[in-house]
Amino acid sequence: MSRISDDEAAPETPSADRSDPLQHEAASPDLGALIAAAGFLIIPLAMVAMAFAFNEEARRLPLVVGVPLVVLATLNLIGTVRRSFGVGAGAPSEVGAENAAASAMSAEQEGLGLPLIFVLLVALVAAVWLFGLIGTSVVFIVLLTRFAAGLGWLRSLVLAIVVAGSLYAFDELLNVPIHGGRLGALLPF
Amino acid sequence: MFEGFVEGLRYLTVTTLLWMSFGVVVATLIAVIPGLGGTFAIVVLLPFAFSLPTESGLALLMGGLAVIGTGNTITSVLFGVPGSPTAVATTFDGYPMAKKGEGTRAVAAGLTASAVGGIIGAIALVLMLPIMRPLVLSLGSPEFFVLILAALAFMGFVGSKSMTRSLTAGFLGLMLSFVGMEISTGTTRYTFGQLFLWEGIHLVPLMIGLFAIAEVVVLLRRGGSIAVTPPTEAPGVQVRRGMFDVVRHWRTTLQSSITGVLIGAAPGLGGSTAQFIAYTQALKTSPNGADFGTGTVEGVIAADAAVNSTDGGSLVPSLAFGIPGSAPMAIILAAMISMGVQPGQEMLTDNIGLLWLFIFVLVLGNVLGAAICLSVSGVLAKVTRVRGSALAGPVLIVSVFGAYATSGHYGDVLVALLFGAVGYVMIRFDYSRATFVIGFVLGILLERHYLLSMRLYGWGFLDRPGVRVITVLTVLVIAFPAIKRLALRRRGAAEPPIVAGDDQATTSSDDGDTKSTSQMGER
């Protein structure tokens with residue numbers, strides 16, 4: 001039976017480019033894979049445990065689906081442990097290898113670190129909640145395109161204004177809800 | 001029939017065509033924006049429709065309906081962001097093609113397939129009207145329940161290299177579809193006291209997180225651009241190739257379109273189910289099935305042709321019986337009734353001209369929508385070669401906008417962020433996001449039809465002939481590759497004059513076996 005992979009599908013990449021951070025991470029003994037596999041077991045376990053508190057009608061399907069899911073996730077964890085410790089066919093480098101072609105263009109470029117990306121995302125969500133989407137979008141896009149992508153101030157500003165303007169137009173013309181922010185009312189835009 | 005055709009042509013005035021074009025343009029623009037989707041496009045057009053004469057108003061809405069599956073092909077392919085639930089399967093092969101520098105070709109193929117699928121849907125509508133009545137009326141919740149189970153059974157064939165990881169992701173998606181209020185008893189499940197989760201996890205924020213935010217994280221982490229390989233061909237050449245691909249893979253186009261029509265005709269299923277069924281069907285029947293998911297144009301064609309052809313199919317139960325086949329169709333149906341046009345017998349007799357107008361608009365709208373999108377696809381494809389960190393800002397902002405626009409609750413933005421993290425973990429450790437979404441989308445429908453079946457028939461619903469037929473067909477489709485292999489092996493053994501004693505032939509036969517074994521091993 002032929003099988004397909006998701007778009008992130010990982011082709012066999014024994015000669016993964018070391019300069020690709022994701023490839024490099026994938027080749028190390030994979031503690032991350034173990035944590036992910038454990039997470040994929042803990043979540044359904046918790047959901048199955050919680051299902052027993054529902055009434056009979058409401059818990060039927062969560063249990064019918066949840067119990068096989070726990071079995072699958074356990075098998076997955078066992079498989080990941082075996083792969084991580086080199087038992088069986090799968091090698092650690094197989095787990096989570098990114099698209100090999102990625103290395104072709106990104107080899108010379110260093111991406112941002114995961115903690116920094118995480119901080120950026122949390123900062124974005126917090127800023128939108130506090131200041132609203134329109135104001136935040138201008139600042140966020142300018143900062144990211146100017147300092148992370150290296151675009152000039154003018155191009156960054158134009159891009160930010162185009163995006164923010166489009167959102168504003170949608171808000172005005174189509175009445176699409178846009179988060180105004182807790183402090184949004186105090187801002188001039 | 002012929003009188004209706006002539007009357008329909010009479011309705012096709014310049015004014016009607018202009019309003020149809022307006023509907024096509026607005027719906028295409030809205031469909032390109034992630035999170036807004038087809039239902040929103042139709043809702044936006046409603047105020048305009050009510051202020052127009054009946055024919056123009058309905059042409060406007062039908063024009064919008066015709067292209068809601070077209071515009072989101074662009075974001076699905078170029079950025080891996082499905083604009084609506086009906087565009088998820090397009091990302092499976094479209095986005096990998098964009099990464100390989102074939103984004104324009106994928107968009108062109110997807111748009112052409114959408115247009116062809118839409119036209120086939122319209123033709124099917126004409127052909128199916130006389131026979132659809134008994135068929136649609138014979139399908140009830142038990143049949144829909146088994147149909148969804150069939151779609152879930154195909155889940156294991158889509159996804160990562162490991163079937164265990166693929167199924168784990170699919171079942172987890174299925175499990176998360178149970179979040180929210182259980183409809184028969186009103187019990188809240190896994191809501192943690194959050195009111196906005198009573199309706200369950202909204203699909204759009206989930207998809208935005210899983211696909212858009214996760215991809216942005218990968219892009220920022222990796223550096224470089226979406227297209228990791230520079231395009232080997234000029235945009236014009238890629239557009240021509242993409243359009244020709246649809247002709248070259250005419251069998252897939254036709255098969256997926258017919259699947260889309262049939263699924264569309266079943267009330268409540270629609271494009272989001274049709275795309276997965278058509279995709280897995282193409283995967284299993286195509287000689288290139290093994291390449292699906294790695295950036296093969298056939299995968300894009302299969303998904304897109306199915307989505308647009310559902311429109312024609314969904315018109316059958318909507319117009320003939322007043323049962324809407326999808327959410328946008330439900331809105332159009334409500335608008336029709338408000339305008340004094342009743343579905344049912346009257347639609348097939350007194351208003352047959354309007355029915356033909358719908359068919360003309362479906363055909364013209366699909367062609368126009370595809371032409372508009374094709375004309376800008378070359379320019380948009382250049383965006384995939386821009387540095388990722390320059391794209392990340394706008395994509396993240398639009399993602400937050402799309403997530404919030406779903407229900408106007410900030411919790412949905414947090415849901416998108418959470419699933420962004422989940423999506424990144426899934427990419428990083430090769431868990432299939434595709435099966436996760438399939439499980440989630442179908443899980444919602446599964447429980448609804450299960451409850452209805454149990455209420456109406458008890459366990460006796462499994463004895464219904466329709467249920468048995470669908471079950472047998474599903475088992476046959478799943479078993480087909482094994483049966484085919486067995487037949488090939490027997491045929492090989494039954495040809496002694498050529499094969500026996502021929503080392504080369506024996507090797508070839510062994511190769512076949514080895515391949516099969518290794519493929520099974522992958523599972």
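**Reading salt bridges, cores and helix contacts**

Over all chains of this predicted model, the count of salt bridges comes to ten.

Me: Which parts of the chain does the salt bridge between B:R464 and B:E143 tie together?

Reply: In this bridge the side chains of B:R464 and B:E143 meet with an N to O distance of 2.8 Å. B:R464 lies in the loop between α20 and α21 of chain B, while B:E143 belongs to helix α8 of chain B, so the pair ties together parts that are 321 residues apart in sequence. B:E143 has a relative accessible area of 2%, and because buried means under 20%, B:E143 is buried.

Me: Where do B:R189 and B:E447 lie, and how many residues apart are they?

Reply: The side chains of B:R189 and B:E447 meet in a salt bridge at 2.6 Å, N to O. This pair links distant parts of the chain, with B:R189 in strand β2 of chain B and B:E447 in helix α20 of chain B, 258 residues apart. B:R189 counts as buried at 1% relative accessibility, and B:E447 counts as buried at 8%.

Me: Which residues are joined into one network by salt bridges that share partners?

Reply: The network joins B:E102, B:R105, B:D245 and B:R248. Within it, B:R105 forms a salt bridge with B:E102, and their closest N and O atoms are 3.1 Å apart.

Me: How should I read a nonpolar core, and which residues touch the most other members of the largest one here?

Reply: In soluble globular proteins, nonpolar side chains tend to be buried together. The largest nonpolar core in this model has 72 residues, of which B:I201, B:L206 and B:F436 touch the most other members. Helix α20(B) gives the most to this core, with twelve residues. Leaving aside residues up to four places away in sequence, B:L206 touches B:I201, B:V415, B:F419, B:F436, B:V437 and B:F440.

Me: At roughly what angle do the axes of α6 and α10 of chain B cross?

Reply: These axes come within 13 Å and cross at roughly 5 degrees. Because angles under 35 degrees count as roughly parallel, α6(B) is roughly parallel to α10(B). The contact is made by B:V88, B:T91, B:Y95 and B:K99 of α6(B) with B:M207, B:F211 and B:E215 of α10(B).

Methods:
Residues numbered from 1 in each chain as written. Chains lettered and ligands numbered in written order. Predicted model: local features only at pLDDT ≥ 70, side-chain atom pairs only at ≥ 80, totals over all residues. Heavy atoms only, no water. Axes fitted to C-alpha atoms, helices over the stretch in contact; angles between N-to-C directions. Helix = DSSP H or I, 4+ residues; strand = E, 2+ residues; numbered from the N terminus. Parallel < 35°, antiparallel > 145°, perpendicular 65-115°, else oblique. Contact = heavy atoms within 4.5 Å. Core = buried A, V, L, I, M, F, W, Y, C linked by side-chain atoms within 4.5 Å. Buried < 20%, exposed > 50% of the residue type's maximum accessible area, 1.4 Å probe, protein only. Salt bridge = Lys/Arg side-chain N within 4 Å of Asp/Glu carboxyl O.
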